[in-house]
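My notes follow the sequence and model shown here.

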Amino acid sequence: MRRNLYDSIISHLRSTVDTNQLFSQFPTVSRDTLYSIVSQDTQRTVRKTIHTHHTEDRIAFYYQEYIESTRKQPPGVVSRMSVKYSLPPTLLARILLQYYVVQSSHELSDSELKLKVSSLMKSPQNIDDSRLSTEILLATVNDRVYGTMVEGIKHTVGYERELLLIDKLNQLNLAFVTEETMREKGYDKTPDVRLEVPIAVDGSVINWIESKASFGDDESHSAYLKDQYWSYLNRFGAGLVIYWFGFIDELDCHLDHGLLLRDGFPDNIVVLQPMDEFSTT
């Protein structure tokens, strides 16, 4: 994805809360890619602003509005408030639940409070207040970024993409070692796959492959470079990162260091065969 298209998506995202409008505005971009971009941008915004929602006055204000709204409105109050105050439903729900627990429970230590709130967020049916229980459940179900269902889906998608990568390597009869096996051998930072015999992609030799079930934007790619990729390059040599939901094209700029970016498993690879013979797959 060219940077100007990515910038256009971000600009449009900041001006609307309706994800469906985003889909219609950018029909050539897959929904998985758009969901990934929305999720990353939302999390980035929350990290910068979450402290403003956690002051005592602000929390009390939110809870008072919640109480007044539940007297007049049907279920879904927390979700509607989250749109009004630009805060993901699950995070607002947690703020309200923590206030409720503090008000209704005996004095709890910070660790006890955190543990109880986390437990009730996972099992809202255990909340004594039936309306709050319903609101918490609806908030977590409707949250496309921080909801419990979404977190489970993200984990599953990431695992599926790793399996897809391994299945592709097996189809090509490529010898490789997985991250799990390398960790058993004492490696600390390891890519998802290290190839026993290198392959060539567009003329670049590849010794390892990392699978990312996300979109590669500036901030996430920069963090991965610092925390993972440079270490992999120093230890294992040149490698390939697959951002399954795409990436900003201009980030693919470290070929001179041996780092190649793709949005899927490349078709035009050259496999090193026994007796040093190469065949194109």
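I took axes as lines fitted to C-alpha atoms, for helices over the stretch in contact, with angles running from 0 to 180 degrees between N-to-C directions. Helices (H or I, at least four residues) are DSSP runs numbered from the N terminus. The model is predicted, so to speak of its limits: local features need pLDDT of at least 70, side-chain atom pairs count only at pLDDT 80 or more, and totals for chains, interfaces and linings use all residues. Residues are numbered from 1 along each chain as its sequence is written, and side-chain values use heavy atoms, with hydrogens and water left out.

Entry one: H6 and H8.
I looked up helix H6 (residues 89-104) and helix H8 (residues 130-142), whose axes come within 8 Å and cross at roughly 155°. H6 and H8 are therefore roughly antiparallel (angles over 145 degrees count as such). I noted that Pro-89, Thr-90, Ala-93, Leu-97 and Tyr-100 of H6 make the contact with Leu-132, Ile-136, Ala-139 and Thr-140 of H8 (contact means heavy atoms within 4.5 Å).

Entry two: H6 and H7.
I then found that H6 packs with helix H7 (residues 110-122) at an angle of about 125°, the axes being 10 Å apart. On the H6 side I listed Thr-90, Ala-93, Arg-94, Leu-97, Gln-98, Val-101 and Val-102. They meet Leu-113, Lys-114, Lys-116, Val-117, Ser-118, Leu-120 and Met-121 in H7.

Methods: Angles under 35 degrees count as roughly parallel, over 145 as roughly antiparallel, 65 to 115 as roughly perpendicular and the rest as oblique.
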